[in-house]
Amino acid sequence: MSPISHSLILFFVFVFFSPITVAVADQSNANNLKQESDANNEEQEFVRLDLIHRHHPEVVKRLDDEIKVDSVEDRIRDIRYHDQNRLRSISAKLNWTKVVENAEEKEKEVSGSNLPPQSQTPIGLKTYPGADFGSGEFFVQLKVGTPPQTFTLIADTGSDLLWTKCRFRRCRGDCSNLSPMHKMRNKMRGRFRYALYANQSSSFSPIPCSSRQCIDDFPDLGGQPDCPTPNTPCSYTYSYTGGERASGIFANETVTVRLTNGKEKQLKDILFGCTEEVELTNFMKGADGLIGLGSSIYSFVYKAAENNIGGGFSYCLADHNRNTTAISYFVFGTPSPKTFSATTSSPIGPPATTKLFTGGQYSCYYGVQLIGISVDDQMLKIPRHVWNIKSGCGTILDTGTSLTLLTAPAHDAVIEAMAPKIAKFGRMEKQRNFELCFNDTEWNFGMSPKLGFHFEGGAVFEPPDRSYVVSAATQCSCVAISSLPFPSINILGNIIQQTYFWQFDLLKESVTFAPSDCA
């Protein structure tokens, strides 16, 4: 899930694990999508694609037990390590590199060392959260090609390209005298344990480098200017700020998704990255590729909308801290109010709605207008400019970040308000840059001060305390909210979003959320 910059530095994740400059659909496209999604809305079937967490047995098998986090301290350290990578990615997209540098210096001071290396039937993806390995990423399984092959992909709401490891034969006729570049590509492709064989997929169609798409649109996706012949495939180098790099060619491909009515639907001409070379770190362990779920017109979210799936998506993240085999889900489409609960997981409480912001200063992230925070129903005195995107702040919902990160004035106000309320448990030294930690021997979930996040329009998000209090060491729990230097974006990460249903309507530009068991 769960960490992207262009000009050779891009990222994602949920993925959810980081990202591309966003362009939202123009008004005419939005109107067309709305007309399609309104028709027969009441008859929609909602299919969910599973989101699997990195410690789930299905993922562990793919990791060959290479990554293990046995202690609470290791887990928290790795979460922070991943979030630092994610922060670098977000920084690159939102142009506040200095914030990341300051945050990393603060992290070193704390740790004493560097961190370790719509008839439309919407489609649902189950998601598997990656907190147990500290990755913060979520994995989905998706069928690509004709006949379809199943791939395990990192789901990333902070990037836009769908790609898998892939084998594409460029040479024709006598391939005995390959160039050094071809030999290197063949060597890299030979390392892939599992890949899409492009020549065996009848729906695989390379996009030529002479096409308008390649020349005008794909530079935002890492597209390369090389075009030796008009029919040479359009190539890309898609780089992530965590150090990962994926290189290959752009193509149109068919993706097959399963619907709740038991049928399958083919989405044709989906923009697809056939990745022939990869330079990866632990970020990509266990994955065959990545599905970009950002808000740009290139992402799978928008392409699914174009295929009559509906102009939006939803997800619900189960509490994987209590159950490592918990399965979350990601749904394409926007159900009507009448079918909202019947087609998902029956929200426990009434839904609330606030405005969604995409594009512009938010890049490919999903922005919301936070206007304040309360502790035990008392609004805190936080300067209004802390929530203003024009001041270099603002707020995003990001499944690729595990923890919640608040710019210093907001973070300090929250800690100051919560500290007296947990003093009775016995305050302890801060752990891993968590300012507020306490002895939890006499404490249980439900005994913490209540946090409320207040959005424009009156919507209030009140997560359960198990979504913002984590075990950081033996007999020690901490408020899992970290500080960022001012000014910087505020990030509501995937842990605090757990046990809530989140629906993003790209047509109405709104976010609806409600408590849910994510069943």
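Which residues does His411 touch, not counting residues up to four places away in sequence? They are Leu406, Glu435, Ile481, Ser482 and Ser483, where contact means heavy atoms within 4.5 Å.

Before I go on, a note on the model. This is a predicted model, in which local features need pLDDT of at least 70 and side-chain atom pairs count only at pLDDT 80 or more, while totals for chains, interfaces and linings use all residues. Residues are numbered from 1 along each chain as its sequence is written, and side-chain values use heavy atoms, with hydrogens and water left out.

His411 lies in helix α8; helices are DSSP runs of H or I with at least four residues, strands are runs of E with at least two, and both are numbered from the N terminus. His411 has a relative accessible area of 2%, so it is buried, the term for under 20% with a 1.4 Å probe, protein chains only.

Next, the aromatic rings. The structure holds 24 aromatic pairs; rings of Phe, Tyr and Trp (its six-membered ring) pair if their centres lie within 6.5 Å, and planes under 30 degrees apart count as stacked, over 60 as edge-to-face and the rest as tilted. Phe313 and Tyr315 are stacked, because their ring centres are 6.4 Å apart and their planes stand at 20°. Phe313 is buried at 0% relative accessibility, and Tyr315 is buried at 2%. Phe425 and Phe438 make a tilted pair, with 5.9 Å between centres and 40° between planes. Phe425 sits in the loop between α8 and β20, and Phe438 in strand β21, 13 residues apart.

Technical notes. Buried < 20%, exposed > 50% of the residue type's maximum accessible area, 1.4 Å probe, protein only.
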